[in-house]
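Hello,

Here is the structure I promised to pass on. Please look through it first, then read my notes below.

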There are 2 protein chains.
Amino acid sequence: MADIKHNTTSSNTPSITVYWLNESRADRIIFLLEELELPYVIEKFERGPDKLAPEELKNIHPLGKSPVIKDGDRVVAESGFIIDYLINKYGTNKNLKPTDEDDLFQYNYFLHYIEGSLMPILVTKYIFLLLQKQAPWIIKPVVNGICSKMDGLFIGPNIRTHLNFIEGELTKRKWLAGEQFSGADIQASFALEMLLKRSGVKEEEVPNLTRYITAMRERSAYKRAMEKVGKTSMTS
Amino acid sequence: MADIKHNTTSSNTPSITVYWLNESRADRIIFLLEELELPYVIEKFERGPDKLAPEELKNIHPLGKSPVIKDGDRVVAESGFIIDYLINKYGTNKNLKPTDEDDLFQYNYFLHYIEGSLMPILVTKYIFLLLQKQAPWIIKPVVNGICSKMDGLFIGPNIRTHLNFIEGELTKRKWLAGEQFSGADIQASFALEMLLKRSGVKEEEVPNLTRYITAMRERSAYKRAMEKVGKTSMTS
């Protein structure tokens with residue numbers, strides 16, 4: 001439902017703009033808006049050759065990061081918060097937030113867990129990969145040595161711990177917050193695809209995570225979102 | 001109110017255990033419990049010489065991280081979630097969660113922002129400091145070179161952006177979520193002390209953040225919490 005401009009909006013018609021950045025967590029928000037079947041506009045930003053977000057994003061929110069949305073006059077940042085905010089405001093009949101107490105507990109936990117615990121270790125892995133890739137050849141062996149040591153001692157085992165944790169959670173429930181797909185799964189989508197990719201573990205070893213990612217990619221909202229941003233999956 | 005054991009608990013008496021780890025985000029939870037004036041028990045864990053959390057923490061929660069609490073049979077992890085969970089359940093007459101719509105928006109935003117955006121960059125800074133410190137002398141110049149480059153290009157400017165953002169927010173409001181102290185400030189406490197310390201910026205340059213940290217440290221719950229964990233401040 002993207003790219004529909006609303007010049008005249010009533011208080012019941014949301015006026016949502018997503019400031020989207022390539023290779024960022026912004027894909028999740030497009031996925032959510034497609035699940036919610038809301039009208040929205042995408043403003044696209046591209047990373048520079050240094051992989052950093054362009055300075056213009058700071059005109060939207062002082063941190064200059066994406067995702068960030070505007071809903072009327074409200075600027076909303078932080079994936080977990082944007083997801084919960086949009087579901088609370090516009091998702092009342094979409095079942096994306098559990099009402100059962102235990103499921104709601106998981107929903108809230110996973111909204112925090114993904115950015116609070118999982119993404120930081122995946123980003124650390126990414127920074128070390130980037131360091132290795134960009135090191136001049138003369139110091140490459142030293143940089144590789146440092147990165148391998150960090151990976152062996154800290155990053156690798158940590159990623160494995162997260163993978164086992166998620167695989168364990170997904171043996172208990174179909175989706176992260178219960179038998180129903182929810183906002184917690186949207187928050188997790190991009191991160192769990194990346195977790196599996198970066199772990200180097202084969203899909204057969206984590207059948208529940210694999211089943212979960214496959215089911216996520218099969219959702220029509222996911223497919224529509226990927227079409228909007230010109231991809232086949234959130235990590236491609 | 002720590003270290004009060006409850007062998008017999010009624011459904012109205014919380015039975016809370018905090019699994020506390022030195023040099024971790026767990027101090028925040030002690031701070032919150034002192035604000036809420038709830039009974040609780042602390043189980044203390046110590047980091048190994050490698051600075052990692054001990055394996056035994058995995059017996060409490062599969063990720064083996066701290067803070068993690070047990071409330072009755074419920075195991076609750078992730079700082080932002082623990083804070084919101086405890087306030088919702090036991091803080092109804094403590095005013096730690098705003099009721100005003102705008103203030104509640106800020107409260108929820110900052111619960112996510114601290115771990116989603118601020119802590120990852122502070123942890124990255126810490127990892128690079130550790131790398132420099134632990135590098136064998138023969139490769140120290142190379143490691144220092146890489147770390148300085150990362151700091152100059154990415155980490156330093158990013159920390160400065162966060163510092164400016166927070167200083168700006170604290171010119172608008174006394175506390176992060178309005179004129180009242182809230183759970184968002186507890187979530188921020190340790191992180192903002194660290195932000196100021198790691199930025200290398202003098203207190204005079206950020207008068208609002210300095211005023212804020214001073215006011216936080218003057219709270220009697222903060223002081224009681226630091227006594228419980230044997231410190232004078234969350235970053236000492």
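Start with residues 13–94 of chain A. Their end C-alpha atoms lie 17 Å apart. The span is 28% helix and 24% strand; helices (H or I, at least four residues) and strands (E, at least two) are DSSP runs, numbered from the N terminus. UniProt, in an unreviewed entry, places the feature "domain: GST N-terminal" on these residues of chain A. Its positions follow the numbering used here, feature names are shortened, and annotations may be inferred rather than shown by experiment.

A word on the ground rules. This is a predicted model, where local features need pLDDT of at least 70, side-chain atom pairs count only at pLDDT 80 or more, and totals for chains, interfaces and linings use all residues. Residues are numbered from 1 along each chain as its sequence is written, chains are lettered from A and ligands numbered from 1 in the order written, and side-chain values use heavy atoms, leaving out hydrogens and water.

**Inside chain A**

The domain assignment gives domain 1 (3–94) and domain 2 (101–221) of chain A; such bounds come from an automatic or database assignment. Their C-alpha centres lie 23 Å apart. In contact (heavy atoms within 4.5 Å) are 13 residues of domain 1 and 17 residues of domain 2. The two domains bury about 1400 Å² between them, 60% of it on carbon and sulfur atoms. Buried area is the accessible area (1.4 Å probe) that two parts lose on being put together, summed over both. On the domain 1 side, A:Arg25, A:Arg28 and A:Phe31 lose the most area, together 44% of what that side buries.

There are three salt bridges between these domains. A salt bridge is a side-chain nitrogen of Lys or Arg within 4 Å of a carboxyl oxygen of Asp or Glu. A:Arg25 and A:Glu115 meet in a salt bridge at 3.1 Å, N to O.

**Between the chains**

How many residues does each chain bring to the contact? Chain A and chain B give 40 residues each. They bury about 3500 Å², with 72% from carbon and sulfur atoms. B:Phe81, B:Phe105 and B:His112 supply 19% of the area that chain B buries against chain A, more than any other three residues.

Four salt bridges cross this interface. A:Asp102 forms a salt bridge with B:Arg74, with the closest N and O atoms 2.8 Å apart.

Best wishes
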